[in-house]
Amino acid sequence: MSDTHRTITLHAPNTAWILKHALVWLCLGVVLTATLTKSSYAQDETVVEQQMITPNYKDVDIRQIVETVSELTGKNFLLDSRVKGNVTMISETPMPVDAFYETFLSILQVYGFVAVPSGNTVKIMPDTNVRQVSGTGADPNSNRAAGDEIVTEVIQVNNVGAAQLVPSLRPLVPQYGHLAAHPASNMLIISDRAGNVRRLKRIIRRIDQSSDEDIEVIPLEHASANELSRILTTMNQANARGGDSGSTPIVLTADERTNSILVSGDKNGRLRFRTLIAHLDTPLEEGGNTQVVYLRYANAEDLATKLAEQIRGNTPTGSPQQALPQNSVNIWADPDTNALVITAPPKVMRSLKSVIDQIDIRRAQVHVEAILVEVTSDKSAELGLTWALDGTNDVAGAGLTNFSNAGSSVVSVGGAVLGGAPESALGSIGSGLTFGVGRITDTGTSIAAIANFFAGDGNTNILSTPSVVTMDNEEAEIRVGQEVPFLTGSFSNTGGTVGAVNPFQTVQRKDVGIMLKITPQINEGDAVILDIELEASSISQGAESNIDLVTNQRTITQRVVVEDGGIIVLGGLIDDSLLESDQRVPVLSAIPLLGNLFRSRSTTKVKRNLMVFIRPKILRDGVQAAMQTNAKYNYIRQQQLGQRDAISLMPNLPRPALPPIEEALEQEAPLFNKQ
């Protein structure tokens with residue numbers, strides 16, 4: 001046997017809708033006729049056609065819905081003139097015709113109407129008249145009776161008087177229902193919806209028990225004995241103060257071990273409390289005293305720990321407070337589903353769920369942008385002269401000048417030449433203009449002089465803007481840099497046995513770059529308290545290798561308050577340094593003009609401006625977070641589009657670029673646009 005499913009979506013009717021669906025029902029009638037014809041001739045195979053309906057109505061006249069239900073189910077409906085109103089129903093899941101009919105009965109109940117079968121016709125009338133009409137007569141416990149269907153049930157009571165149950169059960173029957181006792185046969189007659197009739201029968205079965213003892217033990221299935229005993233005792237005391245003082249008082253005691261209530265007193269009083277206990281001892285809609293609470297934003301394990309401390313009477317910080325009853329409360333976390341499993345009495349359950357609802361909320365986020373600005377101006381100048389005179393081969397003596405601030409001296413250059421390595425003399429020549437003159441002879445007097453002329457200007461403009469997004473009261477850290485090796489030790493086998501010990505060096509790697517660690521705290525207004533740790537480090541430009549490096553480091557650690565979207569300066573440095581060096585030969589350097597032959601001068605002027613700013617932006621919801629993300633996304637994309645010229649040596653290959661944000665949000669959109 002094969003099953004064929006047809007899905008039909010029902011919407012609010014209009015003129016086009018009526019014409020369209022008239023054709024659909026016409027075609028559906030032809031298909032159903034063909035199916036029935038085929039079924040009459042095909043004996044070996046039965047085709048079962050099951051329609052699936054997706055009802056969607058918005059302010060639709062209830063009479064039009066009745067017409068649709070009649071066409072789908074084949075039922076005949078007779079409408080009372082008072083059946084009026086507009087109905088709204090939204091469904092995203094297809095359902096079979098039977099389920100759609102049950103949904104239709106629920107709609108009638110919501111709007112105060114009831115469907116009463118009468119032969120081949122179903123009467124739809126206000127539920128206030130239901131007691132004057134006959135019910136279906138179906139067993140409310142059978143599968144044929146829907147929960148919203150009106151039924152009439154006759155219940156035999158064996159151990160207690162039926163008339164005694166009517167006052168206790170009357171509040172459980174709605175106004176349109178009917179409840180009456182027949183004392184002669186000790187029966188109850190109930191006319192109500194099938195679901196409520198089934199509920200009343202369960203309560204009656206628990207009450208209708210023989211009890212000739214003065215003390216009754218009533219076990220509980222769902223409620224807590226302690227909690228229920230407290231409620232009933234309070235109510236019993238209130239009734240005793242306003243009732244007959246001569247009647248035997250009712251005493252209720254809870255047995256926590258068996259979760260039972262002991263009731264003692266006269267028979268009528270015990271019957272009344274037995275009825276009330278049977279009514280209250282029903283499962284909660286969420287599943288009794290144990291509930292699973294799925295968290296949306298909070299961490300289940302952390303929250304379970306805090307709630308357990310609440311139950312023990314201590315806050316997470318250890319301060320004492322009012323404790324909850326520990327013996328009836330159990331909380332544990334399921335990290336896989338981020339859910340809490342709570343077992344507690346109803347009152348404690350409500351208290352815990354109230355706390356969870358206030359904690360498990362979407363926390364605001366903060367987009368923090370740090371701005372590091374450094375402007376440096378470096379000027380330097382050198383002017384010096386060094387010379388050497390050698391007259392040892394003649395009658396004269398020898399002499400020279402040497403200054404440490406001179407870029408190139410006659411001593412360093414001449415020593416390299418005389419040492420047999422003239423090419424190494426090039427490495428000793430400093431920056432700028434180096435001018436040398438001299439005369440070297442084996443006989444007579446040799447003379448050599450080197451003059452240095454140098455001037456330099458350096459300007460540095462550095463702008464760094466590291467940014468990070470984090471939740472309120474959550475620490476975030478971003479590191480942008482590289483690991484640089486620093487020499488910490490070395491060993492060689494010089495002077496020892498060759499090959500006995502291998503030479504080695506020990507190197508330690510450290511992060512060099514920008515590190516931002518921040519923890520924001522949003523107050524009740526629009527200000528943000530920021531705990532900031534900011535470090536900006538770089539390798540000094542004077543370093544020539546990765547060994548014995550010199551790093552420049554700037555660090556700020558502080559706590560500030562900034563308005564939402566505002567900018568505040570965290571700190572900075574304004575440094576203006578001047579270094580002048582003048583090395584000379586005493587007395588001789590004081591001779592006008594000729595004194596310059598006996599002196600060397602250098603000047604260095606460095607001006608540094610360093611400022612650090614911070615700018616927080618509160619992202620209170622997903623819309624603000626999306627706007628901030630879109631702005632940064634479009635900025636990066638514009639930077640890529642600004643480099644859309646052809647790739648050098650590869651003109652046929654496109655540059656990678658981000659797609660527009662609208663396309664990136666679509667499913668299966670590529671990260672980079674290859675077109």
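Reader: In which strand does Trp 387 lie?

Author: Trp 387 belongs to strand β18, which runs over residues 365-390. Note at the outset that the model is predicted.

Reader: With which residues is Trp 387 in contact, leaving aside neighbours within four places in sequence?

Author: With that exclusion, Trp 387 is in contact with Gly 399, Leu 400, Thr 401, Val 410, Ala 448, Ala 449, Leu 597 and Phe 598.

Reader: Now aromatic pairs. How many are there?

Author: A pair of aromatic rings is described by the distance of the centres and the angle of the planes. The count here is two aromatic pairs. In one of them, the ring centres of Phe 77 and Phe 104 are 5.8 Å apart and the planes stand at 75°, so this pair is edge-to-face. Phe 77 lies in strand β4 (residues 76-79) and Phe 104 in helix α3 (residues 97-110), so the pair ties together parts that are 27 residues apart in sequence.

Reader: What is the geometry of the rings of Tyr 101 and Phe 104?

Author: Their centres are 6.2 Å apart and their planes at 35°, so Tyr 101 and Phe 104 make a tilted pair. Both residues are in helix α3; they are three residues apart, which means a separation of about one helical turn.

Reader: Which residues form the aromatic cluster?

Author: Phe 77, Tyr 101 and Phe 104 form one cluster. Phe 77 has 17% relative accessibility, so it counts as buried. Phe 104 is at 1% and is buried too, and Tyr 101 is likewise buried. There is also a charge to record: the charged end of Lys 75 sits over the ring of Tyr 101, 5.0 Å from the ring centre.

Reader: Which residues of helix α4 are buried?

Author: In α4 (residues 162-169) the buried residues are Ala 162, Leu 165, Val 166 and Leu 169. They span an arc of only 115° around the axis, so they are on the same side of α4. Their cover includes β10 (178-182), β11 (187-193), α5 (194-207) and α7 (267-280).

Reader: What makes up the covered face and the uncovered face of strand β12?

Author: In a regular strand the side chains alternate between the two faces of the sheet. In β12 (residues 215-219), Glu 216 and Ile 218 make up the covered face, and Ile 215, Val 217 and Pro 219 the uncovered one. β12 pairs with strand β14 (residues 260-264) in the antiparallel sense, over five bridges. Within that pairing, Glu 216 has Val 263 of β14 as its bridge partner.

Reader: Where is Asn 259, and between which strands is its loop?

Author: Asn 259 is in the loop between β13 (251-255) and β14. Most residues other than glycine have a negative phi. Asn 259 is not a glycine, yet its phi is positive, about 55°. Its relative accessible area is 24%, which makes Asn 259 partly exposed. Asn 338 also has a positive phi, about 50°, without being a glycine. The loop that holds Asn 338 runs between β16 (330-334) and β17 (339-343).

Reader: Last, Leu 307. What does it touch, not counting residues up to four places away in sequence?

Author: Leu 307 touches Ile 331, Leu 340, Leu 352, Val 355 and Ile 356 under that exclusion. Leu 307 is placed in helix α8 (residues 300-312). With a relative accessible area of 4%, Leu 307 is buried. From C-alpha to C-alpha, Leu 307 and Trp 332 are 9.7 Å apart in space, and they are 25 residues apart in sequence.

Key
Residues numbered from 1 in each chain as written. Predicted model: local features only at pLDDT ≥ 70, side-chain atom pairs only at ≥ 80, totals over all residues. Heavy atoms only, no water. Phe/Tyr/Trp six-rings, centres within 6.5 Å; stacked < 30°, edge-to-face > 60°. Helix = DSSP H or I, 4+ residues; strand = E, 2+ residues; numbered from the N terminus. Buried < 20%, exposed > 50% of the residue type's maximum accessible area, 1.4 Å probe, protein only. Lys NZ or Arg CZ within 6 Å of the ring centre and 35° of its normal. Contact = heavy atoms within 4.5 Å. Arc of directions from axis to C-beta. Pairing = 2+ DSSP bridges.
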